[in-house]
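Here is a short briefing on the model shown below. It covers the chain pair, the packing of helices and some backbone details.

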Protein chains: 2
Amino acid sequence: MDHAAWQSIFLETPAFDATGAYNALLALATQPLDMTQDEAITPERLANYKAQGAGYTFLYGFERVTDKCLSELFTLAKERKALEQMECMQKGEMVNFIAGFESERRAALHTGTRDLFDNFQTAEAAAGCREASLREHEKLKKFLSEIGDQFNEMIFVGIGGSELGPRALFQSLGFYTKKNRKVYFIGNVDPDDVGQVLETADLSKALVVVISKSGTTLETATNEEFLRKAYVDKKLDPKAHFVAVTQPKTPMDNHERYRECFYLWDYIGGRYSSTSMVGGVLIGFMCGYEHFYELCRGAHDMDQVALRKDEKHNLPLLGALIGIWNRNFLHYPTVAVIPYSRMLQRFPAHLQQCDMESNGKRIDRRASATKFQTGPIIWGEPGTNAQHSFFQLIHQGTNIVPLEMIGFLQSQGDHDFEFKGTNSQEKLLSNLFAQAIALAKGQKNPNPNKLFPGNRPCSMLLARKLTPYSLGALLAYYEHKIAFQGFIWGINSFDQEGVQLGKQLADKTCNLFAASRSGEATEPFPLGQALIDIIEAV
Amino acid sequence: MDHAAWQSIFLETPAFDATGAYNALLALATQPLDMTQDEAITPERLANYKAQGAGYTFLYGFERVTDKCLSELFTLAKERKALEQMECMQKGEMVNFIAGFESERRAALHTGTRDLFDNFQTAEAAAGCREASLREHEKLKKFLSEIGDQFNEMIFVGIGGSELGPRALFQSLGFYTKKNRKVYFIGNVDPDDVGQVLETADLSKALVVVISKSGTTLETATNEEFLRKAYVDKKLDPKAHFVAVTQPKTPMDNHERYRECFYLWDYIGGRYSSTSMVGGVLIGFMCGYEHFYELCRGAHDMDQVALRKDEKHNLPLLGALIGIWNRNFLHYPTVAVIPYSRMLQRFPAHLQQCDMESNGKRIDRRASATKFQTGPIIWGEPGTNAQHSFFQLIHQGTNIVPLEMIGFLQSQGDHDFEFKGTNSQEKLLSNLFAQAIALAKGQKNPNPNKLFPGNRPCSMLLARKLTPYSLGALLAYYEHKIAFQGFIWGINSFDQEGVQLGKQLADKTCNLFAASRSGEATEPFPLGQALIDIIEAV
C-alpha cells in the first residue's frame with residue numbers, strides 16, 4: 001500500500017485547532033452574520049453564494065457566513081491540506097490508520113467502485129479497484145441476464161453498511177422499479193424481522209441476497225440460517241436461491257452454498273459500499289442494471305467535483321467547511337437533513353450511519369483526544385412532513401439546528417395536480433423556500449409566543465430531478481463532505497472501533513442465556529444476569 | 001372551561017429556575033455519579049432503581065443519578081406542582097394557554113379519548129370528552145361491521161399529527177394485521193407521494209380516510225382532491241369510498257361528500273390524537289376494532305399511572321425528571337429513543353413530533369423567554385440496526401447522547417430460531433443489555449482508539465410483549481413524560497405557533513408560481529422569486 005504522499009501530508013499539517021484559520025474563525029464567530037437585518041439576505045447574495053457540479057446547485061446564502069468567513073474557511077482547508085488528502089484517498093493511499101497504534105492500515109477506495117468512466121484514476125491501488133469493479137459489473141450483468149424473470153421477489157439480508165445505503169437508494173428510485181418486483185429487507189436479529197417476511201414472501205419466487213463484508217456478522221448469519229431452514233422446510237434448495245456479497249475468502253465466499261458470490265474488498269468500508277455490489281445486486285435486480293450504472297456515473301462525476309482545486313466550486317468541500325463553521329465555531333450539536341422529496345425518505349437514515357460512524361470519534365490520527373467537537377448528530381425526515389412534525393423546535397426551540405435541505409425542480413413520477421393555482425411540485429418547492437427564508441429572517445411580533453427569532457441557518461442542494469444519476473451524485477456529495485470533515489479535523493473517518501465493546505458484552509450475555517438453557521457453566525457476568533432476571537420477571 | 005385549580009397552581013408555583021431544587025441540582029451536577037467506578041453499578045442498584053406500572057418496568061440504574069439527586073428531582077416536581085398540573089389536564093381544565101397574550105386557551109383532553117374503562121374522570125369537561133368518545137367508538141364499530149370485507153385496501157391521507165402517530169402504532173401491530181389488508185399513506189404534498197399510490201393501489205377496493213382536524217390542511221386538501229380526481233377519472237364514486245376524520249363543523253364535516261364523518265375536538269391536539277378516531281379508523285380497519293380497544297385500555301392504564309402521587313412509582317414523571325436531569329443539569333442536547341423491536345421502527349418518528357412540537361419552545365407561560373433549555377432533539381432507530389449505524393458516535397463521539405431503550409421479553413410473532421445456543425429474541429435482548437453496560441462502564445485500553453470512556457447514560461422500558469395493550473401504554477407513557485416536562489419547565493406543551501410563519505411565506509411563494517402561470521400580478525416577494533429563478537436554472 002502506497003503511503004508516501006499521505007505520510008508527508010500528515011507530518012506537515014498542523015492540527016485543526018493549531019491552524020491560523022482556527023483562531024481567525026473563533027474571532028469571527030463572536031459576531032456571525034445577523035441574517036435578521038433588513039439587507040443581510042438579498043437576491044444578489046443568494047445568486048452569489050452558490051456552486052454547481054454534477055447536476056447540483058449548492059446554495060449557502062442562508063448560512064451565517066460572510067466573504068471574510070469563507071475566506072478563512074478556505075484557508076483552513078489549505079492549512080489542513082484537505083484537497084491533497086482527498087487526492088490520496090481517491091488514489092488508494094493508506095488513509096485508514098491511527099499513527100503509533102494498531103489500526104486497520106488500509107485504503108478507503110469506495111470511489112474505485114464507480115471509477116468505470118472517463119477520467120479514471122491510474123495509481124496502482126485505484127486502478128486495481130477499478131479493474132476488479134469492472135469484473136464485478138460484468139458478473140452482475142451476466143447474472144441478471146441469466147436469471148431473467150425466474151424471480152420476482154428479493155429478500156435482502158444485511159445490516160448497517162450492508163443495508164442502510166442500498167435500501168435508501170433503492171427506495172429513492174421508486175419510479176424506476178420494475179413492475180411486479182418486490183423486495184423484503186431483513187436486518188435486525190429481532191425474530192419479528194424474519195417473521196414478518198416469512199408470513200408474506202413467496203420463498204419459491206425469491207432471490208435471497210446475503211450481504212456481509214466479513215462473512216461473519218452475527219445478525220446476518222443468524223437470519224441467513226433462519227431463512228435457510230425455512231427453505232429446507234418447504235423442500236426448496238437454498239443454493240438455487242441464495243447469492244452472497246462478501247470479501248473474497250470469507251466463510252461466505254463459497255460456491256457450494258451460493259449460486260453466485262459477488263465481491264467487495266477490505267478497502268471498501270461498509271457505510272461506503274453502496275456503489276459496490278452491495279448496492280449493485282439490489283438495484284440491478286429491482287430497477288435494471290442500466291439504472292445502477294447511471295447511479296455509478298453520477299457518483300463518479302461527484303468524485304471529480306470533489307477533486308476540484310478551487311474551493312468555491314468544490315461542492316463537498318464547501319459543504320464540509322460550512323458544516324465545520326456550524327459545528328466548531330457556532331457550536332450547533334446536530335444537523336438535520338431535510339429532503340423535499342418523499343423518495344428520499346430513508347436517505348437521512350443512511351447519512352446517520354455514514355456520517356456518525358465515520359466522524360463520531362474522540363481521538364485524532366495521532367491518538368490524542370481532540371479538544372474540539374467532531375462529527376455532529378445527524379437526523380432528519382422529508383419535508384413537508386417534517387414541517388408538521390418537529391419544525392416547531394427548529395423555529396422556536398432553545399437549540400439551533402442547521403438544516404441541509406434537498407430539492408428538485410421536477411417530481412420523479414409523471415403525476416401532478418393543479419389545485420388553487422399551483423401544482424403539487426410547486427407547492428412543495430414553495431414550502432422548501434419559505435422555510436429557509438422564515439428560519440433565517442424570523443419575524444417580530446408583540447406577542448412573544450408568535451415571535452420568530454430567526455438566525456437559524458440552512459443550506460440547499462438543488463437539482464433538476466431525482467434520477468439514478470443525480471441520486472449517485474447526491475450519495476457521493478455526502479460521502480465526500482464527510483471525508484473532508486474527517487480530513488480537516490484530523491480524525492480517521494474509516495474505522496469504527498466504537499462498536500466492538502458492545503459486541504463483546506453481547507456475546508457474554510448470550511452465553512448466560514445459552515448456559516441457562518444447556519445447564520452448563522459459563523463465565524459470571526453479574527450485571528448481565530441482573531438484567532436478565534429483571535426482564536424475565538416483567 | 002374550568003380554570004380555577006390550574007389558576008391557583010399557576011400563581012403559586014415558582015419558575016423552574018427559581019425553585020430551591022434547581023439550585024441544589026446545579027450543585028449536584030458538578031459531580032454526577034461516575035458510572036465507570038467499580039462499584040457504581042451493581043445488581044442491587046439495578047434492582048432498586050426501577051418502577052413498574054401498566055405492564056412496564058422502567059429501569060434507571062444506568063442513569064447518572066444518586067439517591068440524593070432523585071430526592072431533589074422529586075422536590076423539583078413538588079415545587080412545580082407537576083402532579084397537580086397532570087390532574088388538571090386529565091380533568092379537562094384549560095391547560096393550553098399563555099398568560100397575558102392571545103393564545104389557544106383550551107383543554108388538552110387526549111386522555112378523555114380513552115377514558116372508556118373503570119376509574120374514569122368525573123369532572124364536567126373530561127366526562128363530556130368521555131361520552132363523545134364512547135359515541136365515536138360505537139360509530140366506528142357500526143361502520144366497520146357495515147363495510148365488512150367490501151374494501152381490502154386503505155388509503156390514509158393525513159400529515160403530521162394526523163399521520164405519524166397512527167402510522168407508527170399501526171406498524172407496531174404487524175402481527176395483529178388482518179391478512180390481505182393493505183394500507184397506503186399519503187402525507188407529503190410531493191406529487192410523488194400520491195403518484196406512487198396511484199401506480200399501486202386498487203382504487204375500486206380502497207377505503208380512503210382523509211384526516212384533518214381543521215378540515216383545511218393544505219397538503220391534505222391537495223392530496224384529497226388529487227385522489228378524488230383519480231376516482232372520477234376511473235368512473236368511481238368518491239362518496240362511496242371516502243370517509244373523514246375532522247372536528248364537527250369544519251369544511252370536511254360534510255355527509256354529502258363522505259360516507260361517514262368521525263370526530264375529534266379542538267381540545268385534542270394533533271400529536272396527541274392517536275387514541276381518537278385518527279388512530280381508530282386505521283387500526284380498526286387494519287387490525288380489528290378489538291385491538292384498537294385494547295390499545296386504548298393500555299393507554300388509559302398508563303394515564304392512571306401518571307396520576308400516582310408517589311413519584312417513585314409514577315413512571316412518566318420519573319422519566320420526565322430524569323430527562324430534565326440530563327437536559328438542564330448535564331446539558332445533553334439530544335435524546336435517542338432506541339426500541340429493540342423492529343415493530344417499533346417508526347415510533348421514534350412519532351415521538352419526534354410529539355416531543356419536539358410540544359416542548360420545542362423558548363417562551364414560558366408568562367410569555368418570557370426561558371433562560372434554560374427546554375425540549376431536546378429527539379431521534380432514534382431500532383436496535384440492533386442502530387448499533388451497526390450510529391452507535392460509533394454514541395460510544396466514542398464528542399457529544400454524549402442519553403438513550404431511552406425499549407425492550408420486550410418475547411417477540412410479537414411466533415417465529416424464532418435457535419442458532420449457536422440462543423434464539424434470536426435472546427440475542428436481541430443480549431444486545432440491548434450489553435449496550436447499556438458498555439455505555440455506562442466503558443473500558444480502559446492502552447490503545448486510545450480502542451478506549452471507551454463510559455459514563456454514557458441510558459434508561460430502559462421493559463415489558464413482556466408488544467401487544468395492543470402494551471403499545472397503548474407505551475404511547476401514553478411518552479405523552480405524559482412530555483407533558484410533565486412541559487409542566488416542570490413552565491411552558492405550554494399544547495400549542496405550536498412556530499409552524500405559522502413558514503405557512504404564510506409558503507403561500508406567498510405559491511402566489512409567485514401561480515402568477516407566473518396566470519400572468520396576473522401578485523405581491524412582490526424578492527427572496528422567494530430569487531429562489532424560484534435559481535431552481536428553474538438548475
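Two residues count as in contact if their C-beta atoms, placed from the backbone, lie within 7 Å. Helices (H or I, at least four residues) and strands (E, at least two) are DSSP runs, numbered from the N terminus. This is a predicted model: local features need pLDDT of at least 70, side-chain atom pairs count only at pLDDT 80 or more, and totals for chains, interfaces and linings use all residues. Residues are numbered from 1 along each chain as its sequence is written, while chains are lettered from A and ligands numbered from 1 in the order in which they are written.

**Chain A overall**

- Chain A holds 19 helices and 13 strands.
- Its radius of gyration, taken over C-alpha atoms, is 24 Å. The globule rule (2.2 Å times the number of residues to the power 0.38) gives 24 Å for 538 residues, so chain A is as compact as a globular protein of that length.
- Along the principal axes, the C-alpha atoms of chain A fill a box of roughly 75 × 65 × 60 Å.

**Interface between the chains**

- On chain B, 126 residues are in contact with 127 residues of chain A.
- Helix α16 (residues 424-441) of chain B gives the most to the side of chain B that touches chain A, with 13 residues.
- That side of chain B divides into 55 nonpolar, 50 polar and 21 charged residues. Nonpolar means Ala, Val, Leu, Ile, Met, Phe, Trp, Tyr, Cys and Pro; charged means Asp, Glu, Lys and Arg; the others, Gly among them, are polar.
- The copies meet through the same surface, because 100% of the interface residues of chain B are also interface residues in chain A.

- Helix α16 (residues 424-441) of chain A packs on helix α18 (residues 500-518) of chain B at an angle of about 130°, with the axes 7 Å apart. Axes are lines fitted to C-alpha atoms, for helices over the stretch in contact, and angles run from 0 to 180 degrees between N-to-C directions.
- α16(A) and α18(B) are therefore oblique to each other. Angles under 35 degrees count as roughly parallel, over 145 as roughly antiparallel, 65 to 115 as roughly perpendicular and the rest as oblique.
- The crossing of α16(A) and α18(B) is right-handed. A crossing is right-handed if the near helix is turned clockwise from the far one by less than a right angle, and left-handed if anticlockwise.
- On the α16(A) side, the contact uses Glu426(A), Lys427(A), Ser430(A), Asn431(A), Phe433(A), Ala434(A), Gln435(A), Ile437(A) and Ala438(A). Their partners in α18(B) are Leu501(B), Gly502(B), Leu505(B), Ala506(B), Thr509(B), Cys510(B) and Phe513(B).
- By class, the contact of α16(A) with α18(B) has 9 nonpolar, 5 polar and 2 charged residues.

**Helix packing within chains**

- In chain B, the axes of α18(B) and helix α19 (residues 526-536) come within 10 Å and cross at roughly 55°. The two are therefore oblique, and their crossing is right-handed.
- Lys508(B), Thr509(B) and Leu512(B) of α18(B) make this contact with Gly528(B), Gln529(B) and Ile532(B) of α19(B). The residues divide into 2 nonpolar, 3 polar and 1 charged.
- In chain A, helix α1 (residues 4-12) and helix α5 (residues 82-91) pack at about 155°, with their axes 10 Å apart. They are therefore roughly antiparallel, and the crossing is left-handed.
- Ala5(A), Trp6(A) and Ile9(A) in α1(A) meet Glu84(A), Gln85(A) and Cys88(A) in α5(A). That contact has 4 nonpolar, 1 polar and 1 charged residues.

**Backbone details**

- The peptide bond from Gly383(A) to Thr384(A) is cis, with omega near 10°. Thr384(A) sits in the loop between β9 (377-379) and α15 (391-396) of chain A.
- In chain B, the bond from Gly383(B) to Thr384(B) is cis, with omega near 10°.
- Lys235(B) is not a glycine, yet has a positive phi of about 60°. Lys235(B) lies in the loop between α9 (218-233) and α10 (238-241) of chain B.
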